[in-house]
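Here's a quick briefing to read with the model open beside you. Take it one topic at a time.

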Amino acid sequence: MIWNKAMECMSRDDMRAYQSEKLRDVVERVYHNVPAYRSKMQAAKLGPEDIRTIDDIIKLPFTVKTDLRDNYPFGLFAVPQREIVRIHASSGTTGKATVVGYTRKDIAIWAEVVARSLGCADVGPDDIIQVAYGYGLFTGGLGLHYGAEKMGASVVPASSGNTKRQLQLMEDFGVTALACTPSYSLFLAESMKEYGVKRSNLKLKVGIFGAEPWSEHMRTAIEESLGINAIDIYGLSEIMGPGVSCDCMFKCGMHVFEDHFIPEIIDPETLQPVKPGDKGELVFTTITKEGLPLIRYRTRDLTRLLYEPCRCGRTLVRMEKCLGRSDDMLIIRGVNVFPSQIETVLLNMSETKPHYQLIVEREHLLDTLTLVVEVDEQFFSDEIRKLEALSEKIRKNVESTLGVAVKVKLAEPKSLERSEGKAKRIIDKRNI
Ligand code: DLL
């Protein structure tokens with residue numbers, strides 16, 4: 001089902017004209033309402049009058065995650081705080097979270113793009129959708145929730161966790177659509193046996209999976225084990241949350257809702273646009289957002305844009321599955337983790353050295369994180385009790401910063417390999 005034909009099936013020329021108009025508007029707004037943007041534009045000797053069409057977008061300075069941190073928490077908001085009706089947050093690169101704010105209109109647009117995404121996934125008013133993304137500061141739960149309500153589907157706001165209950169709800173309520181991370185969907189499939197839930201007793205037909213990278217090979221595994229259609233949904237808090245783009249039933253790249261988000265692909269080294277169709281870093285400009293409009297935001301996600309028409313009838317550009325990043329962010333059970341956050345915790349503790357390794361594994365379909373950390377010589381001890389207490393202290397500190405469970409292994413001083421170049425801190429053994 002195409003939710004908004006006028007916008008999703010527009011001719012490319014009309015889309016460019018529409019984007020040009022909205023781009024002019026957002027540039028005016030940030031220039032006048034966000035001091036940080038005004039300074040950046042002034043430094044680049046740019047005024048709003050220099051941005052006439054979409055082709056001028058490349059003149060504009062980029063926005064990066066640290067801009068959000070530097071203006072923490074609300075410094076990049078383009079409206080007075082009284083117009084903000086919702087705040088979400090995700091992990092920042094160091095201690096501080098990335099905070100995003102939405103006006104009432106932003107929330108309505110977000111619900112619209114998620115409703116369109118569900119339309120892409122063939123979820124309609126007759127469906128019962130279980131939202132098993134976390135509800136809270138993370139955008140997954142509430143994002144899917146509002147979009148599903150807008151679509152008119154019956155929403156089961158299960159939130160994340162409690163696998164037994166998830167399966168029971170699915171069975172008892174006749175749930176037809178499941179929204180969660182792709183790794184959790186596989187875990188649910190595996191847990192069915194354990195909890196005595198038979199596939200034949202479930203009405204599930206489609207999954208709306210995202211928030212972490214997953215390959216085509218994983219798509220096949222999910223589709224086979226759950227007997228459903230597995231649809232990829234992409235988004236990031238800074239730009240909106242889930243619903244920036246979504247697969248249609250042809251599963252040949254995620255349609256970007258370009259009337260709200262203009263995508264570009266740049267070379268992450270030179271920062272220049274790549275040739276059409278080439279792979280690089282995805283950059284977005286939000287053209288309708290009021291609360292936190294972002295200009296040329298570097299997502300760090302690596303992908304390519306596909307402009308060939310899609311068989312579904314949508315003319316919206318498609319983006320290929322995102323499997324890599326141009327930074328070191330990891331996604332563990334849907335939670336974004338930056339090694340720099342761990343470094344900050346270790347540096348703040350006198351007992352440890354910032355020499356560490358992070359080992360990521362997928363055990364029984366769930367991601368696990370092990371932190372191997374060197375203990376400072378002064379604190380290293382032969383007493384097991386002391387070491388256990390220290391490891392527990394590190395675990396608590398790291399978990400409260402990352403928001404994800406971690407196993408801590410202490411290492412003797414100077415035992416971790418030193419590298420002459422870039423330290424190899426992350427050992428990702430998952431085969432996504
Ligand atoms: O993960 C929003 C979301 C929620 C998307 C639910 C889809 C479903 P953040 O926590 O800000 O927002 O993390 C954003 O997650 O830059 C990507 O690296 C990664 N990501 C999100 N969706 C996908 C996907 C939400 N479908 C970061 N495939 C992004 C690959 C994804 N990576």
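Helices (H or I, at least four residues) and strands (E, at least two) are DSSP runs, numbered from the N terminus, and two strands pair if DSSP finds at least two bridges between them. Keep in mind that this is a predicted model, where local features need pLDDT of at least 70, side-chain atom pairs count only at pLDDT 80 or more, and totals for chains, interfaces and linings use all residues. Residues are numbered from 1 along each chain as its sequence is written, and side-chain values use heavy atoms, with hydrogens and water left out.

**Strands and sheets**
- Strand β1 (residues 84-90) and strand β2 (residues 98-103) run antiparallel, joined by 6 bridges; I84 has T103 of β2 as its bridge partner.
- In β1, 5 of the 7 residues are buried, so the strand is largely enclosed by the rest of the structure. (Buried means under 20% relative accessible area, exposed over 50%, partly exposed in between, using a 1.4 Å probe and protein chains only.)
- There's also an open sheet of 9 strands with mixed pairing, in the order β4-β3-β5-β6-β7-β8-β9-β14-β13.
- At its edges stand β4 (154-156) and β13 (305-306), each with a single partner strand, so one side of each has no neighbour in the sheet.
- Inside that order, β3 (residues 128-131) and β5 (residues 177-180) run parallel with 3 bridges, and Q130 has L178 of β5 as its bridge partner.

**Helix α2**
- Helix α2 (residues 12-33) has 22 residues, which should span 32 Å at 1.5 Å a residue; the end C-alpha atoms are 31 Å apart, which agrees. (The expected span is 1.5 Å times one less than the number of residues.)
- Its buried residues include M15, Y18, L23 and R29.
- Among the elements covering the buried residues of α2 are α1 (5-8), α3 (35-43), β10 (261-266) and β11 (280-286).

**A buried leucine**
- L204 is in the loop between α8 (182-194) and β6 (206-210), and L204 is buried, with a relative accessible area of 4%.
- Leaving aside neighbours within four places in sequence, L204 is in contact (heavy atoms within 4.5 Å) with residues including M170, L178, R199 and I228.
- From L204 to P276 it's 72 residues in sequence and 38 Å in space, C-alpha to C-alpha.
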